[in-house]
Amino acid sequence: MTIKNLSKMAAMAAVVVAGFASCSDDDSVDTSVVAGTQAALDQACVDWKTARADWEKSEAFLFGAADVYSIDPHTDTWPVDANALANMLRDNDFMGDINNQIKTASVGILGYHGIEYVLFREGKARDISQLTNLEYKYVVAVAQDLYNATATLEAAWDSKESNAERHQIALDYIKTHYGVNDEDEQTEALDSYTNFGKAFKNPGTGDWATALDATLEIIAGCQDIIGEVGDSKIGLPYIHGDYTYIESPYAYNSIIDFYDNIVSCKNALYGAVDATAPGQNSLIYFCLNSGNSTLKSQAENVQAKLEAALSKIDAMKKPFALYYSDPSCGQAILALGELDEALDAMKTTLAAYAGNATVEAQCQKINENYVDNVIVATYRALADNAYKLYQSILKIQN
């Protein structure tokens, strides 16, 4: 996920509850209400939460395509820039070509949180009588773009390139979208298509010089999201007491987001989606059975700290949007810090095996399993459910 520049947040806070009401001040803006059913809107909210869970369970591997093609900021920047969105809805040129314009629009009005902003109010589905035709047109375009982004992730990691339709979507996505810098500003056109699955499985052909380097990236990816959840997602609201730092505030989905982020780490380390124990070709299994007593002890500590972090997040007072200053948030932050430290110790011990042929061979197996049974499996579910969300949003209008 990407947090937008903090200087913009205060200005946005006042618009959060009001939604798009400011548009009604302009007589030239279409304020007609969509002809649809509450049941259809309710279902779209259910499907948003499903698709959202898949994304959060991918955040332990935001390297590769999600980074290189700026898919993370394009689909998961928050908070929503409500002022920019209101202005966009007034722009007849933009709205007249929205399916193309949305590809290079400001990241603050796109992706999961743009959709969330339209569909939810205070943790519940929005009243259908408040949804305008302009908002509907906007959210359809964003949902379609979101599906294309997730299809690109699947295709770019599928070493077998087994889905021709999604492979073509990826090629088209890369041609029509732009990079995003650290200030969430559009930059240059994206680099050409790369199959990151093949590169991760074949050291020396891409970003990873050795199999061990790629295996260490698994840990680094976990540490990145662990730090982000503890320091930013929970830590910034808890420490600074500022509502505008909160992710997924309209759906009251924050704690589920945090939990699923750490589930993504568990899946990565255990070698399978929704794993309950380390698989034979997983990183943790290797560390437990390597014959190195230090590495075994460190892996056991990682397992214990992983479960403790999940437990502390689950125990946070809900919803986070209302209780972000509760002491349970601090307890979760401490547990996440301990998990990060445990992973750091295990990573240091593993790194000392550089050049060991036996370890390289085992890392090769770990990496191949990781690509196929964690990354691709997660992204395939993500794309499937993003498409389902898009179809549900289409059905909101009769």
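Biologist: What volume does the second largest cavity have?

Modeller: This is a predicted model, where local features need pLDDT of at least 70 and side-chain atom pairs count only at pLDDT 80 or more, while totals for chains, interfaces and linings use all residues. Residues are numbered from 1 along each chain as its sequence is written, and side-chain values use heavy atoms, with hydrogens and water left out. A cavity here is a set of points, on a 1 Å grid over the protein atoms alone, where a 1.4 Å probe fits but cannot get out; points are joined across faces, edges and corners, and a volume is the space filled by probe spheres set on them. For the second largest cavity, that volume is about 40 Å³.

Biologist: And how many cavities of 30 Å³ or more does the structure hold?

Modeller: Rolling a probe the size of a water molecule over the atoms shows where empty space is left. With the cut-off at 30 Å³ or more, the number of cavities is three.

Biologist: Which elements give two or more residues to the lining of the second largest cavity?

Modeller: Lining residues have an atom within 4 Å of a point, and here they are E154, A155, D158, E161, S162, N163, R166 and H167. Helices are DSSP runs of H or I with at least four residues, strands are E runs of at least two, and both are numbered from the N terminus. The elements giving two or more residues are α9 (133–157) and α10 (164–176).

Biologist: Now the second largest pocket: which residues lie nearest its centre?

Modeller: A pocket is an open set of grid points with protein on both sides within 12 Å along at least five of seven lines, and this one holds about 180 Å³ of space. Two or more lining residues come from each of α7 (98–101), α9 and α10. The lining has 13 residues, and those nearest the centre are N99, K103, D145, N148 and H177.

Biologist: How many disulfides does the count come to?

Modeller: A disulfide is a pair of cysteine sulfur atoms within 2.5 Å. By that rule, the count is zero. C222, for one, is in no disulfide, its nearest cysteine sulfur being that of C265 at 4.1 Å. C287 is in none either, and its nearest cysteine sulfur, in C363, is at 8.6 Å.

Biologist: What does C222 touch, beyond residues up to four places away in sequence?

Modeller: C222 is in helix α12 (residues 211–240), and it counts as buried because its relative accessibility is 0%. Taking contact as heavy atoms within 4.5 Å, C222 touches A60, C265, A268, L269 and L343.

Biologist: With which side chain does the side chain of Q223 make a polar contact?

Modeller: Q223 is in helix α12 as well, and at 11% relative accessibility Q223 counts as buried. A polar contact is a pair of N or O atoms within 3.5 Å; within protein, one must be able to donate a hydrogen and the other to accept it, and residues adjacent in sequence count only if both atoms are side-chain atoms. Here, at 2.7 Å, the partner is K347.

Biologist: Which backbone nitrogen lies 3.2 Å from a polar atom of the S264 side chain?

Modeller: S264 is part of helix α13 (residues 254–270) and, at 0% relative accessibility, counts as buried. Beyond its neighbours within four places in sequence, its contacts are E56, K57, S58, E59, A60 and I225. The backbone nitrogen in question belongs to A60.

Key:
Buried means under 20% relative accessible area, exposed over 50%, partly exposed in between (1.4 Å probe, protein chains only).
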